[in-house]
Amino acid sequence: MANAAKNRIPKRNVQKKPAKASVSIGKELDKGFLSLLMLMVIIAVIGLFSLIKTEIDYTIAIKHYGFSQGYIGHMGIAFSSMTSNLRDMILESDTAKISKLNDQLEANKATMNEYLALVKETATTSSEQAIIKQIEDTMTSFTDTYTGVITKAMENDDETAYKVLSVASTNYGSTIEKNINKLLNFNIKQCNATITSAAIFG
């Protein structure tokens, strides 16, 4: 019995980790998880706002600039056709044909005013609105002046008709053409800037 007692291996005292340490580790894990969750939420929110801004920018680019560039192009064509109608009236001696050219002139004028109104609806900046106002005002003066061309053309007074057309073209026609081109270039510039912004955030 004595030998058995001697050969008995003494039990080691196993020290248990304090419960407090386990709680501390759990809290740290919770903090880490919450931090990660917060980061993911922030990234998701930023991504959502970027997506929304990209969509808005592309919508603006299409609605306010994409369509309006076509409208401005139609304006330029219509105005060019108007000046051609006036020149043809001077060259024509048949009053019936001059009257027909006058009808075409009025149709082209209506087309230009129609597209000018559409461009006006899409204008979002004061610069665009200022250019459009200049076109409107100059167009009124041009219309008032070219009526003299029609009158003299109907009378076959080509020399006087040509002089009146020269005044109308110099004082008003060239200004309208310049402002149409200016509006188009401004529009293209704004469209490119908006698309670039959308591409950056997208």
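Helices here are DSSP runs of H or I with at least four residues, and they are numbered from the N terminus. Please keep in mind that this is a predicted model, in which local features need pLDDT of at least 70 and side-chain atom pairs count only at pLDDT 80 or more, while totals for chains, interfaces and linings use all residues. Residues are numbered from 1 along each chain as its sequence is written, and side-chain values use heavy atoms, with hydrogens and water left out.

Let me start with the aromatic rings. Three aromatic pairs are present, where rings of Phe, Tyr and Trp (its six-membered ring) pair if their centres lie within 6.5 Å, and planes under 30 degrees apart count as stacked, over 60 as edge-to-face and the rest as tilted. Tyrosine 71 and tyrosine 115 make a tilted pair, 6.0 Å from centre to centre with 35 degrees between the planes, and this pair links helix α2 (residues 19-91) to helix α3 (residues 95-122) across 44 residues.

Phenylalanine 142 and tyrosine 146 have ring centres 5.4 Å apart and planes at 70 degrees, so their pair is edge-to-face. They lie about one helical turn apart, because four residues separate them in helix α4 (residues 126-154). Both phenylalanine 142 and tyrosine 146 are buried, meaning under 20% relative accessible area, with exposed over 50% and partly exposed in between (1.4 Å probe, protein chains only).

Definitions and conventions:
Helices (H or I, at least four residues) and strands (E, at least two) are DSSP runs, numbered from the N terminus.
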